There are 2 protein chains.
Amino acid sequence: MHRCLTVLLIVAFFESHLSVEAVNAPPGQTLGQPWPMPQSYQSYPDLLLLNSATFNLSPVGHSCDILQDAIRRYRLIIFGPSNALKFRPKSNVNVLANLDVNLMNECEKYPSLEMKENYTLTVTSSTANLASPTIWGILRGLETFSQLVYRGNYGEFLLNATKIVDFPRFSHRGVLLDTSRHYLSKEVIKENIEAMAYNKMNVFHWHIVDDQSFPYQSRKYPKLSDEGAYNRFTHIYTQNDVAEIIEFARVRGIRVIPEYDTPGHSQSWGKGQKGLLTECYSQGKPNGNFGPINPIVNTTYTFLEGFFSEVQQVFPDKYTHMGGDEVSFDCWKSNPDITKFMQQHGFPGNYSRLEQYYEQRLLNIMAKLNAGYIIWQEVVDNGVKVRPDTVVHVWKGGWQQDIAKVTALGHRALLSTCWYLDYISYGTDWTSYYNCEPLNWQGSAAQKKLVMGGEAALWGEFVDTSNVVSRLWPRASAVAEKLWSSSAMSDATSATPRFKEHRCRMVGRGIRAEPQNGPGYCVKEFN
Amino acid sequence: MHRCLTVLLIVAFFESHLSVEAVNAPPGQTLGQPWPMPQSYQSYPDLLLLNSATFNLSPVGHSCDILQDAIRRYRLIIFGPSNALKFRPKSNVNVLANLDVNLMNECEKYPSLEMKENYTLTVTSSTANLASPTIWGILRGLETFSQLVYRGNYGEFLLNATKIVDFPRFSHRGVLLDTSRHYLSKEVIKENIEAMAYNKMNVFHWHIVDDQSFPYQSRKYPKLSDEGAYNRFTHIYTQNDVAEIIEFARVRGIRVIPEYDTPGHSQSWGKGQKGLLTECYSQGKPNGNFGPINPIVNTTYTFLEGFFSEVQQVFPDKYTHMGGDEVSFDCWKSNPDITKFMQQHGFPGNYSRLEQYYEQRLLNIMAKLNAGYIIWQEVVDNGVKVRPDTVVHVWKGGWQQDIAKVTALGHRALLSTCWYLDYISYGTDWTSYYNCEPLNWQGSAAQKKLVMGGEAALWGEFVDTSNVVSRLWPRASAVAEKLWSSSAMSDATSATPRFKEHRCRMVGRGIRAEPQNGPGYCVKEFN
């Protein structure tokens with residue numbers, strides 16, 4: 001539909017401006033249409049030409065480091081590293097000479113859950129206008145503007161007159177990467193953050209440690225990575241690495257939320273922090289194995305408070321993901337000290353209560369640190385009473401019932417169940433992610449307002465630096481549009497030509513996005 | 001098993017040579033063990049040290065351009081681009097000072113189906129010896145030697161004393177890449193050829209054109225790619241490109257066999273060669289669609305003879321893959337001229353006979369050009385009588401029956417059915433390729449001798465330059481060992497530690513091989 005429209009418009013335009021040739025996209029691809037689709041998007045017949053040497057992209061309102069960096073970056077994205085191309089238009093071609101960037105308020109320093117990302121973009125005369133009350137809206141609008149521009153048959157930069165009013169449907173639009181099952185290089189993490197910006201995603205959920213390895217190098221507890229990383233020198237993230245990644249994300253309006261999953265998924269913690277994990281018993285004796293974090297000793301909480309106060313300093317985002325999934329009770333059950341503790345505290349045999357005891361003490365520590373927190377759904381599923389401001393991350397099958405339950409309890413919620421991108425199969429699968437509507441379940445309007453968004457989760461069992469980018473993109477783009485665009489954007493078939501253009505756009509920008517739609521090509525292939 | 005052995009040997013060694021520390025491989029990985037496993041492989045306790053600055057890798061027998069290039073290349077592979085590391089061994093450490101490369105005969109210029117690849121490699125004293133009657137055996141032996149070397153804790157280069165007698169089980173060990181569904185860059189094709197050399201694979205089956213696009217730029221018929229390529233300038237292989245790829249493969253002992261699939265799978269041919277394809281009819285009139293190549297007009301054969309005589313000049317290998325799969329008879333059935341032709345030739349309604357008519361004329365042309373040819377199994381399945389020297393490529397389900405049938409007819413055979421690497425699923429899948437035994441079917445010894453080998457097939461619907469390397473490797477390595485090593489190498493579980501080492505070895509050499517075995521790490525990750 002969109003494509004036919006574009007073609008029609010170009011034909012109409014040609015009757016009056018004969019000096020620019022019609023441009024053919026590869027079959028089945030749109031030309032200059034944005035992904036994710038803005039909330040309101042009108043494209044007009046008038047074709048405008050950009051002169052890469054003189055095009056003026058500049059602030060007319062407030063400015064700051066983020067905006068300056070974005071303007072430099074988007075000039076490169078739009079025109080490429082070389083500005084040498086000088087296309088001399090015939091006099092009757094309309095030239096877009098300026099994009100006035102009107103940031104209406106001072107910059108916020110860090111993106112946050114509460115940030116506003118709305119913007120308006122008007123490209124109708126020789127001066128286009130991008131306006132937003134926030135730097136975050138300006139970033140989203142620059143991305144949209146860059147996507148409207150396409151190349152003509154002579155390499156010239158073209159775009160159609162366009163009016164856009166845009167804002168995200170959900171405020172939390174994330175990608176989960178897992179650096180514990182396999183290590184990911186700092187460079188490839190940044191490449192993924194860049195791709196997230198091209199998709200208006202705004203949360204990098206960094207599942208930084210897990211059973212398999214502990215690559216986070218703590219200032220206070222360096223033994224955690226010394227003993228728990230795959231390699232203490234090469235397979236770690238130093239404080240500088242973390243800061244560099246956070247800064248890279250910040251200037252793109254992307255939050256970095258680390259996950260330190262406890263009390264399960266913590267085998268690697270135990271190597272550098274002796275006494276932290278529960279000793280498992282067989283026949284009345286410790287058997288050398290360890291279970292979840294030991295919830296009954298005060299040293300645990302002293303350590304956790306020390307550790308998470310560092311985390312709060314290192315990661316500027318208010319939120320930390322506290323994990324809490326898949327806690328096995330077997331080891332706790334085997335340990336006589338734990339049995340005794342539970343008897344003394346009046347809940348013998350009730351291991352959910354023990355989990356609750358742990359979670360409440362942990363979340364109280366976080367509250368004391370003035371931290372927000374996200375937990376996996378099991379904590380609530382297991383009947384653990386958590387603080388009402390807890391955000392619950394739904395990932396299990398039957399998510400419609402689960403998210404209804406979580407929001408009925410008054411918790412805010414995130415959805416990942418239908419967006420587990422580590423599960424692969426032959427052929428096109430982005431359409432199944434696209435067909436997952438996060439509010440398609442039985443619940444009140446008030447409940448649905450509690451859904452903050454969701455995340456595409458790429459667990460790390462079978463990806464590392466070698467294949468993480470091509471595994472994630474463009475499949476996560478389907479999730480990006482679900483979380484940004486109107487719920488009316490629900491037909492994968494009509495979205496396909498635009499999806500293909502967007503995949504090729506990412507490839508053209510150097511992102512190793514895989515071909516998801518069967519045979520075909522991009523004008524500019526990955527190189 | 002192998003790993004335990006290695007550890008034991010190092011311990012034994014330490015008692016007498018205390019100056020080299022024991023080296024730990026990442027958990028579950030071997031250290032310095034080759035993939036594919038040689039036919040005879042003995043590793044000894046004695047540890048030898050290589051001095052990268054003085055190690056002498058040089059010919060003591062015949063030499064030629066291929067050998068000189070290989071020696072330069074393998075020095076780089078073994079020691080890396082920098083030779084600066086100077087490890088001063090204590091005096092009681094044995095140093096391997098030389099690898100004498102004894103090529104016993106003059107070089108053949110091109111690898112061929114008949115080439116011998118056997119070699120012996122002895123590393124027991126200060127001078128190691130690699131010997132082979134052929135340059136191809138020398139190349140395989142250099143690859144093995146390079147795989148024996150690993151890094152010590154101080155970055156020093158170590159290997160165990162080793163004796164190897166080796167030769168391939170099958171003579172045709174291929175990888176099929178498809179450059180029609182998606183274009184692949186010349187660079188990524190070369191990267192795959194390099195990875196093939198690391199796996200002792202010796203045939204690049206280049207499925208170069210198909211329905212979707214015709215990227216081969218013909219000298220005689222440039223319109224084929226002008227009209228049939230995705231883009232006539234950017235999505236083609238020039239004669240120079242093809243020559244560069246063939247040369248890159250040649251010096252690695254790898255044959256390049258192009259596939260020009262006809263009479264089906266040829267839609268893209270019709271764009272530049274008018275009149276070549278059959279016109280399809282509806283209600284007695286041409287409907288604008290085209291079917292397989294038109295077998296009833298002489299212009300078809302004039303063109304094919306002209307085209308394939310060029311192909312024979314461009315590709316030095318004796319063999320060309322002629323395709324012949326999935327020929328739909330619908331369009332032929334609709335065409336009244338074809339109906340008439342079949343009546344006139346005495347086989348009305350017998351479309352297999354028409355296919356046979358085409359194939360026989362085509363293969364006669366190839367015979368006249370002194371070309372060998374491979375065809376997909378359907379040609380034979382359809383009862384088409386082909387020349388007895390035809391090689392039949394089995395790819396369909398029920399391959400055990402099919403390959404028995406093909407070889408019972410006296411044809412040589414290739415297997416791909418169980419190695420369709422385009423089909424992906426979640427998790428570890430190389431083990432299923434490893435478990436496919438190509439001779440596990442009912443047939444005589446004479447029949448089994450007709451199995452020349454097989455190919456890992458990575459069809460191009462969902463891969464292009466962005467993801468082809470990580471999709472193919474290390475999964476194709478499983479096929480490589482099946483086709484090179486003894487049939488006794490059939491237990492994927494015991495092969496896993498060596499497979500992991502080999503995957504990391506490829507990653508260390510810059511090949512974007514994906515993590516196939518779940519969580520873990522390489523000492524040197526992809527970067």
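Reader: Before we dig in, what should I know about the model and its numbering?

Author: It's a predicted model, where local features need pLDDT of at least 70 and side-chain atom pairs count only at pLDDT 80 or more, while totals for chains, interfaces and linings use all residues. Residues are numbered from 1 along each chain as its sequence is written, chains are lettered from A and ligands numbered from 1 in the order in which they are written, and side-chain values use heavy atoms, with hydrogens and water left out.

Reader: Okay, how much area do chain B and chain A bury between them?

Author: The size of an interface is often given as the accessible area lost when the parts come together. Here buried area is the accessible area (1.4 Å probe) that two parts lose on being put together, summed over both. Chain B and chain A bury about 3400 Å² that way, 57% of it on carbon and sulfur atoms. On the chain B side, B:Tyr426, B:Phe462 and B:Ser466 lose the most area to chain A, together 22% of what that side buries.

Reader: And how many residues does the contact take from each chain?

Author: Contact means heavy atoms within 4.5 Å. By that rule, 38 residues come from chain B and 38 residues from chain A.

Reader: How many salt bridges cross between chain B and chain A?

Author: Side chains of opposite charge can pair when their charged atoms come close. The rule used here wants a side-chain nitrogen of Lys or Arg within 4 Å of a carboxyl oxygen of Asp or Glu. It finds four salt bridges across the interface of chain B and chain A. One of them joins B:Asp464 to A:Arg503, with the closest N and O atoms 2.7 Å apart. As for classes, the side of chain B that touches chain A has 13 nonpolar, 15 polar and ten charged residues. In that scheme, Ala, Val, Leu, Ile, Met, Phe, Trp, Tyr, Cys and Pro count as nonpolar, Asp, Glu, Lys and Arg as charged, and the others, Gly among them, as polar.

Reader: Let's look inside one chain. Which domains is chain A divided into?

Author: Domain bounds come from an automatic or database domain assignment. In chain A they give domain 1 (19-166) and domain 2 (174-489). Taken over C-alpha atoms, the centres of these domains of chain A are 37 Å apart. The contact takes 25 residues from domain 1 and 27 residues from domain 2 of chain A. These two domains of chain A bury about 2300 Å² between them, 58% of it on carbon and sulfur atoms. In domain 1, A:Trp35, A:Pro36 and A:Leu113 lose the most area to domain 2 of chain A, together 29% of what that side buries.

Reader: How many salt bridges lie across the interface of those two domains of chain A?

Author: The rule finds one salt bridge there. Also in chain A, A:Arg250 pairs with A:Asp65, their closest N and O atoms being 2.8 Å apart. Helix H2 (65-79) and helix H3 (135-148) of chain A are the elements that give two or more residues to the side of domain 1 that touches domain 2. H3(A) supplies the largest share of that side, six residues. Helices (H or I, at least four residues) and strands (E, at least two) are DSSP runs, numbered from the N terminus.

Reader: How many disulfides are there over all chains?

Author: A disulfide is a covalent bond between the sulfur atoms of two cysteines. With a cut-off of 2.5 Å between the cysteine sulfur atoms, the search of the whole structure finds eight. Among them, A:Cys64 and A:Cys107 have their sulfur atoms 1.9 Å apart. The torsion about their S-S bond is about -70°, so this disulfide of A:Cys64 and A:Cys107 is left-handed.

Reader: Where are the cis peptide bonds in chain B?

Author: One joins B:Trp35 and B:Pro36, with omega about -5°. B:Pro36 is in the loop between helix H1 (2-14) and strand S1 (40-50) of chain B. Another cis bond runs from B:Thr262 to B:Pro263, with omega near 0°.

Reader: What about phi at A:His265?

Author: A:His265 has a positive phi of about 50° although it is not a glycine.
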